[in-house]
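Welcome! Here is a short briefing to read alongside the sequence and the 3D view.

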Amino acid sequence: MKKTTRRVPIKDFGSATDVLSPLEPGDIELIHGEDKPPKFREMKPETKEKYDFSLDGISALNLPIPKTKEEEEAIVNGFLRGIEKLFQKENNWTFLMPTTLSNEYCMQCNTCNEACPIYTESGRMDIYKPNYRPEVLRRIIKRYFSKSGKLLRKWAGADLDLNWRVVYRLAELVYRCSLCRRCASVCPIGVDNALISRELRKVFSQEMGIAPENVHKSGTVQHMKTGSTTGMTSASFKDNIEFIEDMIEEKIGRRITIPVDKKDADILLLHNAGEYMAWPENPAAFAILFEAAGLSWTLSSEQMGYEGVNYGVWYDDVQFARIAFAQIQAAKNLGVKKIVIGECGHATKGFITIADRVLVGDAAIPREACLPLLEQIVLSGKIKFDPMKNNFPVTLHDPCNMVRLMGIISPQRNILKHIMPEGQFREMPDAGTNNYCCGGGSGFAIMNSQNFPDWRNNVACRMKARQVLEAFKDVLDPSIPKYYCAPCSNCKGAARDSMMEHFGFRKKYNIIYGGLVELMVNAMVDIPKPFISWEEEF
Amino acid sequence: MSSVGWFIGGPLMYFAAAFFVFMTAATFIKYAKLPRHLRWDLYPVPHQGPEGSKYQKVDFAGIKPHFSLFHELKEMSQEMLFIKKAYIHNPKVWLGSFPLHAGIYLGALWLVLLTVSALCELGGIAVSGGASSLVVRFLHFGVIITGAGGFAAGLFGSLVLLVLRIADEDMRLFSDPVSFVNLALMIFLFGSSLSAWIFADSSFSLIRHHVAGLLSFSMPTVGSGLIVLQLTSYCAFLLYLPFSRMMHFVGKYFFYHHILWDDEMMKRNSAMENDIATYLHYKMTWSAPHIRKDGTWVDQVADSASKEGEKK
């Protein structure tokens, strides 16, 4: 095991160094086919003077460096106000118990450390340990909110004095955790360090107005303003549907009319709207399958009815609740019996489990993941599949939100059993609830500030890339086409940016990526030509 | 010495035990009274058994959730008794943590058996290895085995953890002074108990006699300095524990049963729904620009999409 020699004691977290713990590319373990240490974009001096890069040389938040003492004080005071509110039931009933317990009972055993792909793939940087940021929080709480800490100071563990650097570094640090909760799954006590990251994100957003631009301003705010985080309006959504109908006709030789705004349908299908823009094959495949299975279903063109994402899950309870309620309203307006969420992990978890205890009364419309429904379609025999049409190696990614956080494990595997020839499907190491994040979780896939994409591709996505290569290790020869199946939009976004563009898996190994429904349609007997093509970009 | 011993073994011990019970109950109640929170379950959830998550089924809302007490108890016992997760994911720490916890469990069992044997003594039944009753003989040797075994295991585990905290750079980085205080206390607790057993009370008859005195409120004096030390460690432990993170045995219950394995769905007209409806009327004071001032949770959500649109 590689050990870091660059220690960062927690008491030094606010030290006046330019960069507290710079990433050392040489410490990062290379993956197969990588012949030199990863590169991180060097920022221009004027950018570094303006924005805070003082945690690790990376900026996810574009935080402007304070210029006056007053600005510095405002940062510290805002943060302290937010921490106080985090432990008040009026302000945080939503997660008060989990936050309180995780704050109080970490035994500092470090069991969580090796479970974290970001820590291990960074060259084991202290600051990326899952228990590092909660420990920073604990010491701040002890120092500023506990009598023992005020009295005994470092002897009570209250050895970290707050300054603007501590606040900004912590704000950046909570965006170096993808909230995959793998750390929580190994903790003997049950402490959830990922939750602490999320709760701190909440303090920064709900109290200080600090959040990644792609997640907040052009994320949840844009979502509520236009109807989609992509900026897609209702009118352009309808255009996209027409385009997808054309595409289906071209691919399968017959036209399908995709139901939009059909009243009283059984199912409202809610996709991550990114699919319409980046991977239209995915909603097309859903339409083909649902039509062939004879389901009563519809899409909604109402604002808040065609975008399934809810970025609030990652950082802000208020934005989360606003979006969830608005999506429910759209479903109610159509009179559907239930909502089925397409291949999008955070949307599935957010809408089904987290929103479960917000949607009271008649807002509680049943909501389900698409995977069991797809399994039912396969097992019903309504559609004939020829497994030999998928006669190429496939590996399956388990999106954290659907698998570790919802326990949806078998439907996707049962589907693959029925639509692939034996021997072509291979599990990744640590498949199932022990899976690793794609590297794009919790907003990383859409965050593009400054040099953050370099960090995401080189650090956060590295473990998944390593796993994919391991799964395909006996068929890496580029003459063999391979398919990385990721039934989640954010995971596909990470695959596109990291595996394909950054690590070059398409070119080097002929690996493409896509969802599960594309594989299903590809195996349909009724479809004359392959739905999946290694010649076209996905 | 005798008056100090009397005070520690008598009044202080009563107080410490009562204080510990009170504080444990208070801690439990404090967490139990916290508001219901949003779902944050983590899978696999053992009581779902081999069937797994209901989310794997179509129309799951109408399906009665599966509950396997056997699988839940199996997972709980593996975790509680053997510290399974540490064994799998952190064997180095498990080498100390398992014997430490085994020491605590055996020590608790020792206390129960010791109390029973003290009650026997009060009832006029002599507890010794030569007793004619098999049950009494079992009790006698049970006290010795659980006590000596527990103290030795606990001491060994505490020392291993102390060495790790000092020698292992990763652990040292996170270890605050409180971690060392906690371990020092455990070493004192198990070390003093083991010393008293080895050097002063090999059959635990003195401590049994003392417990009998406490049970009969006869306020006995303690003759042995080592037993005074042993009792001092118990008082210190009981008085300190409620203020430390070693209370995680209470926290762990809530972690598992109220967070990680809490898969209870919202039902119409349920107590949960009523509670949540109340929480939604809490007035929040978050002050970021996108939060509506002085609004309740309901106010924040009402007509949010259009209002968010108007703002820009």
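**Where the chains meet**

Between chain B and chain A, about 8200 Å² of area is buried, with 62% of it from carbon and sulfur atoms; buried area is the accessible area (1.4 Å probe) that two parts lose on being put together, summed over both. In chain B, the most area is lost to chain A by B:Trp40, B:Phe174 and B:Trp286, together 12% of what that side buries. This is a predicted model, where local features need pLDDT of at least 70 and side-chain atom pairs count only at pLDDT 80 or more, while totals for chains, interfaces and linings use all residues. Residues are numbered from 1 along each chain as its sequence is written, chains are lettered from A and ligands numbered from 1 in the order in which they are written, and side-chain values use heavy atoms, leaving out hydrogens and water.

**Contacts across the interface**

- Contact (heavy atoms within 4.5 Å) links 81 residues of chain B with 101 residues of chain A.
- Eight salt bridges are counted between chain B and chain A, each a side-chain nitrogen of Lys or Arg within 4 Å of a carboxyl oxygen of Asp or Glu.
- One salt bridge joins the side chains of B:Asp170 and A:Arg7 (2.9 Å, N to O).

**Strand 1 of chain A**

- From strand 1 (residues 267–270), A:Ile267 and A:Leu269 point one way and A:Leu268 and A:Leu270 the other, and all are buried, meaning under 20% relative accessible area (1.4 Å probe, protein chains only).
- Strands here are DSSP runs (E, at least two residues), numbered from the N terminus, and two of them pair if DSSP finds at least two bridges between them.
- Strand 1 of chain A runs parallel to strand 2 (residues 297–298) of chain A, joined by two bridges, and A:Ile267 stands opposite A:Trp297.
- Four bridges pair strand 1 of chain A with strand 3 (residues 338–341) of chain A, also in the parallel sense, and A:Leu270 has A:Ile341 as its bridge partner.

Terms used
Buried < 20%, exposed > 50% of the residue type's maximum accessible area, 1.4 Å probe, protein only.
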